Amino acid sequence: MRKTNIIIAFILLLLTNSCSNVQNEFSSNKCYFVFENSNHNNSLLAEAMTAYSGVFCTVSLVNEHGAQYYAFTNNSGLPEKKILTDLDKQRTHILGLNNGLIVGYGKLSDPLTFYAYDLECPNCFDPDAIPVRSKKLSISTSGIATCNVCKRQYDLNNSGIIISGDKGNKLTRYRASTTGPYGTLSVYN
């Protein structure tokens, strides 16, 4: 009996150590964004919130001429801005580590997974650095996010894993849901 307990304890120890290097699926960083596309009718975001479209879209908050806008750019490079409504201004919005998200459906799972990633490179961006220097990712039509600093490439369709470049962390991922192309987008942690 004692020998069996030792073997079980050893196996549990091995399992615990083998799991210690696993990266959490979702980030613990603060993120909160709700966008009512039924009110804004943003066509770029609608494409990203359509299953099987293969479209990803970046989202950030910008100030221009004293007004606040949500800026959207799809993975074909098309930009679109929507001014914040009074309801948008009342809501809390924390768009990732440094004001940027990537959202869209991955194509490699069944059922499809709706993803929300941070727009900053998880291996280059340091939010504690002074001054904070952005290391934003660019996204391609094939669903690849690329860092211009470290040259790593991340697969947006597959949980943000590194597909090219040095080893490191996969993309920072947030919980997300959509009620459809012209419905509500929610990103949170």
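Predicted model: local features only at pLDDT ≥ 70, side-chain atom pairs only at ≥ 80, totals over all residues.

Residues are numbered from 1 along each chain as its sequence is written, and side-chain values use heavy atoms, with hydrogens and water left out.

Let me begin with the cores. A nonpolar core here is a set of buried Ala, Val, Leu, Ile, Met, Phe, Trp, Tyr and Cys residues joined through side-chain atoms within 4.5 Å. Buried means under 20% relative accessible area, exposed over 50%, and partly exposed in between, with a 1.4 Å probe and protein chains only. The largest such core has 24 residues, and Phe33, Tyr70, Phe72, Val103, Leu185 and Val187 have the most contacts inside it. Several elements each supply at least two of its residues, among them strand E1 (32-36), helix H3 (43-48), strand E3 (67-74) and strand E12 (184-188). Helices (H or I, at least four residues) and strands (E, at least two) are DSSP runs, numbered from the N terminus. A second, separate core has 13 residues, including Tyr117, Ala145, Cys147 and Leu156.

Contact means heavy atoms within 4.5 Å. Beyond residues up to four places away in sequence, Val103 touches, among others, Leu45, Phe56, Phe114, Leu185 and Val187.

I turn now to the rings. Rings of Phe, Tyr and Trp (its six-membered ring) pair if their centres lie within 6.5 Å; planes under 30 degrees apart count as stacked, over 60 as edge-to-face and the rest as tilted. The whole structure holds six aromatic pairs. In one of them, the ring centres of Phe33 and Phe35 are 6.0 Å apart with the planes at 25°, so this pair is stacked. Phe35 also pairs with Tyr70, edge-to-face, at 5.6 Å centre to centre and 85° between the planes. That pair links distant parts of the chain, with Phe35 in strand E1 and Tyr70 in strand E3, 35 residues apart. Both Phe35 and Tyr70 are buried. Through ring pairs, Phe33, Phe35, Tyr70 and Phe72 are joined into a cluster.

My last topic is the sheet. Two strands pair if DSSP finds at least two bridges between them. Four strands, in the order E7-E8-E9-E10, form an open sheet with antiparallel pairing. Which strands stand at the edges? They are E7 and strand E10 (161-164); each has a single partner strand, so one side of each is left without a neighbour in the sheet.

Strand E7 (residues 137-139) pairs with E8 over three bridges, and Leu137 has Cys147 as its bridge partner in E8. The two form a hairpin with four residues between them, and Gly143 in the turn has a positive phi of about 85°. E8 is joined to strand E9 (residues 153-155) by three bridges as well. This second hairpin has five residues between its strands, and Lys151 in the turn has a positive phi of about 70°.

Within E8, Ile144 and Thr146 point one way while Ala145 and Cys147 point the other way, and all are buried. Thr146 has a relative accessible area of 18%. Apart from neighbours within four places in sequence, Thr146 is in contact with Leu137, Ser138, Arg152 and Gln153.
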